[in-house]
Amino acid sequence: MFSTGYLALWAAGQSVVAQREIAARSIAGSFGAAIGAVLDPALPLGDPVNLARWRGAVQALAGKGELSIDVLGTDRRVILSRPPRAAGDQDPPALAAVLSGVGPWLHYRPQRDGRGTELLAYAPIVGGGRVLGVVRVGQPAPDPLATVFASSGRVLLGLAFADALLVVGLGFFVLTRLVVRPLQAMESATARVSAGDWDHRIETTGPREVSALASALNQMTASLSSQREQLIRTEKLASVGQLAAGIAHEIGNPLAAVLGYVDILRSDAAEGARPVLTAVETRDSLDRVKAETQRIHRIIQDLLAYSRPTTESPQPTAPAKIVRSAEALLRPQARFRAIKLVTTPVDEEWPAVLASPGRLTQVFVNLLINASDAMAGEGTVTVVCSRVDGQVQIEFRDEGPGIPAELARKIFDPFFTTKEPGQGTGLGLSISQSIIEAFHGTLVVAPPDPERKGAAFVITLPAA
């Protein structure tokens, strides 16, 4: 406010200076034109005839206000001075330019009494097409800010008082509305985020500090959401490690068969050795090598496809196809070799859902691994799909011991696991639940059924 006020005063002062200079040029030019209009150009400016013509007008004008008027001849001699010029008063060298016809011309100089500044305006007196003399008009030129204060002091005091009231009112408004209310809204938003609404963001409104705090909280929420994504990735990599451990064992058998057939073929084709295999036997051995190699290739490709990062963008997805993909990924595992997977109804009758195929595969793999572990690698896993109220329900049932009632409420807690140490991270079900909820679905444990043993997990997703 002080800076703006100072700039306004400075602008007003510059306006005063400009008006003062315009007035000085106008007065000096008017005097010069008036004198030139009444004199006889054939006579000198100081001739008694000419002097009688213009002296009265100059004396009348010079008596008004604080103006001083001097009339000088072409020889720079003072012809008339009102009030009388002080001794030693000298004109600037630029007077020569005015005598050549240039003007009006302005010149600032300190007042002779040392109390301020004086503005001198020089204008030529032209008669008969030539310069006959110069008129000099002098007037006080006080500091422009002082001039503004002198003419507008009461107004400025009124504005200062109004500004003081404005500051008090604005402070009250800021403290009660621009700070307290945004903080209350921020408190409500942080409560929602702490309750699990990771997508909620605080509006970055209000003063800069409050807005910066809201932005920082939004960044923290985004960071926590990103760490959640990292946990999902970590759990997926953990399951990849478990799958890879089983695959390493499964690849050993086809590799041993491939090496055996290669040794037989090398021995049969050794130089100098008598061939033992017929052409049909040789072709059969090569076909077996190819089949075992393709089996290894398929197992590795399935594992690589599962381990690749996937997005969470929902799209129409066929859950039956995802079940088959998860089964193909687990089938080479020793833990899943004696597991029978039954789906109902037939795959072609399963409705599509809105989800990410990659994320859904991760959930299905986790549920199938848990079912296999619960049944110690032997039994039947039944996957039932149905449509309920515009949504799709997918239920995974196993034949294991089931989930005790006292553990049912903890089963989705992070890091909670009933497996032996080193056999699981305890994040699988928690992360699977968060993945399903990200697609506006649910993952819950089905209530116990006296007619059915084992556990059942029910996934509900929006129908595509």
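Asp 89 and Arg 136 are both buried, where buried means under 20% relative accessible area, exposed over 50%, and partly exposed in between (1.4 Å probe, protein chains only). This is a predicted model, so local features need pLDDT of at least 70 and side-chain atom pairs count only at pLDDT 80 or more, while totals for chains, interfaces and linings use all residues. Residues are numbered from 1 along each chain as its sequence is written, and side-chain values use heavy atoms, with hydrogens and water left out.

Asp 89 sits in the loop between β2 (78-82) and α3 (95-99) and Arg 136 in strand β5 (residues 130-140), so the pair ties together parts that are 47 residues apart in sequence. (Helices, H or I with at least four residues, and strands, E with at least two, are DSSP runs numbered from the N terminus.)

A search of the whole structure turns up 16 salt bridges. Here are some of them:

| Pair | Closest N and O atoms |
|---|---|
| Arg 324 and Asp 347 | 2.9 Å |
| Glu 395 and Arg 452 | 3.9 Å |

In the Arg 324 pair, both ends are partly exposed: Arg 324 has 33% relative accessibility, and Asp 347 has a relative accessible area of 25%.

As for the Glu 395 pair, Glu 395 is buried at 14%, whereas Arg 452 is partly exposed at 25%. Salt bridges that share partners also join Asp 70, Arg 85, Asp 89, Asp 91, Arg 109, Glu 118 and Arg 136 into one network.

Conventions:
Salt bridge = Lys/Arg side-chain N within 4 Å of Asp/Glu carboxyl O.
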